Amino acid sequence: MPDNLTRRQVLGAASTALVTARAARPAASSDKPAILGGPPVRTAPFPSWPVIDGNEERAWTDVLHNGKWNRLDGDCARRFEETWAATLGAKHCLATANGTSALFASLNALGIGPGDEVIVPPYTFVATVNAVLLQHALPVFVDTDPGTFQIDARKIEAAITERTRCILPVHLGGSPADLDTILEIGRKHNLPVLEDACQAHLAEWRGRKVSTLGALGCFSFQASKNLNSGEGGAILTNDTDLYHACQSFHNNGRGQTGSGFGYARNGANLRITEFQAALLMEQLKRVEQQSHTREQNAAYLTKQLAEIPGVVPARMYSGATRNAYHLYMFRYDPAHFANLPRSRFLAAMKAEGVPGSGGYTPLNKEPFLKHTFDSRAYRAIYPGKQLAEWTERNHCPANDKLCEEAVWFTQTMLLGPRVDMDQIAATIRKIQGHAATLVERS
Ligand SMILES: Cc1ncc(COP(=O)(O)O)c(C=O)c1O
């Protein structure tokens, strides 16, 4: 085994070769579905994640042995921040412990607090909303555009009140939200836009990297993300005052840098470690090539899936010039699959060797929100009437429907050879061809 390849990668390469060989034999649509005992379309796993080689190991052990494990002692975090800021074209980057803390520190720097309302999408990971709740602010959900899976920017203005202090769009799945409309609304109402780019590494809006168009933008480097250090996060901004406020807050409220005992504000320890930053420096070397591969495969897959009745791939806004494809998302319409329920469709795909997910459930309907609003802190801050009206204001019918229709593939499924895309499409066609039998045999 070459010493710059791990066992995991060698196995991954072998399975890719196997897949390529099998591709010469496209799945016959007459084959019985695997879930009913027929041969699966594929048996090889999709590419494994993370991708590493000896450089990650060297970077990690260098930190281990130099003993500078904390960013206040070492310089890996600083070097990563400089590189990521330059890659994205931002003035400042602050690395953080994770994406949640990046959002939390950003909201704090913007002065968002008790009594304030923050516009959020309901189609996102819970951390977007938790960051708002950590500041004791009120998340206000704006419905989803089912065509793109993004916040419906056309509906934001109607949700703004005199208490609104921030718009927090998410570039969900790596596809940019409609930033032209959102930034324009922000300017008109004098509201900062905080971009949740936690899933959108290298995504672009009109040629500019997302996270750099709003007042601040946040990333996650959690294990599933397209840039990964197990856990990790970053805040990007061109505003030096906001950068200093985040910097201080994330370092226990100290003056801008260092480990002394002088404090400028309240704060928390949200610092990244040198181990995480050392890994990121190595992972960064692959991120452009991996993004390119995902884009190529996604474009090819979309062409094929768009031809299958009942499968509607998420589209991008015209201003979105690059999609990071953290997720490949489409809507599934059972009416074109003999009314095969989505759960059975997903199970049938999994049996064929193509794992998909049904994605998020409606966040605005999560019972934990009601419990939070019933808490002593929220009852002390918000008039009962405002909390009672909240449910009425936060209906998101398009999102409810999308949550029932969505199907996702993870980013790693886009990292292999093109034949993987052929097999994904062949799997869906095979299930469609046998949908009536699958319904019968449920
Ligand atoms: C859209 C979104 N926002 C925020 C986060 C939070 O990031 P982290 O898990 O690094 O705290 C995530 C991560 O899963 C995310 O997907």
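The largest nonpolar core here has 50 residues, and those with the most contacts inside it are Phe 80, Trp 84, Ile 156 and Leu 236. A nonpolar core is a set of buried Ala, Val, Leu, Ile, Met, Phe, Trp, Tyr and Cys residues joined through side-chain atoms within 4.5 Å, where buried means under 20% relative accessible area with a 1.4 Å probe, counting protein chains only. This is a predicted model, in which local features need pLDDT of at least 70 and side-chain atom pairs count only at pLDDT 80 or more, while totals for chains, interfaces and linings use all residues. Residues are numbered from 1 along each chain as its sequence is written, and side-chain values use heavy atoms, leaving out hydrogens and water.

- A second, separate core of 38 residues includes Leu 138, Leu 194, Ile 235 and Ala 245.
- Leaving aside residues up to four places away in sequence, Phe 80 touches Ala 95, Phe 221, Leu 227, Ala 277, Leu 280, Met 281 and Leu 284; contact means heavy atoms within 4.5 Å.

**Helices α4 and α5**

- Helix α4 (residues 99-109) packs with helix α5 (residues 126-134) at an angle of about 40 degrees, their axes 9 Å apart; axes are lines fitted to C-alpha atoms, for helices over the stretch in contact, and angles run from 0 to 180 degrees between N-to-C directions.
- That angle makes α4 oblique to α5; under 35 degrees counts as roughly parallel, over 145 as roughly antiparallel, 65 to 115 as roughly perpendicular and the rest as oblique.
- From α4, Thr 100, Leu 103, Phe 104 and Leu 107 meet Ala 127, Thr 128, Ala 131, Val 132 and Leu 134 of α5.

**Helices α9 and α14**

- The axes of α9 (residues 342-351) and α14 (residues 418-433) come within 10 Å and cross at roughly 125 degrees, and α9 and α14 are therefore oblique to each other.
- Phe 345, Ala 348 and Met 349 of α9 make the contact with Thr 427, Ile 428 and Ile 431 of α14.

**Helix α13**

- In α13 (residues 397-405), the buried residues are Asn 399, Asp 400, Leu 402, Cys 403 and Glu 405.
- Their cover includes β4 (144-145), β14 (327-332), α9 and β15 (406-410).

Key: Helices (H or I, at least four residues) and strands (E, at least two) are DSSP runs, numbered from the N terminus.
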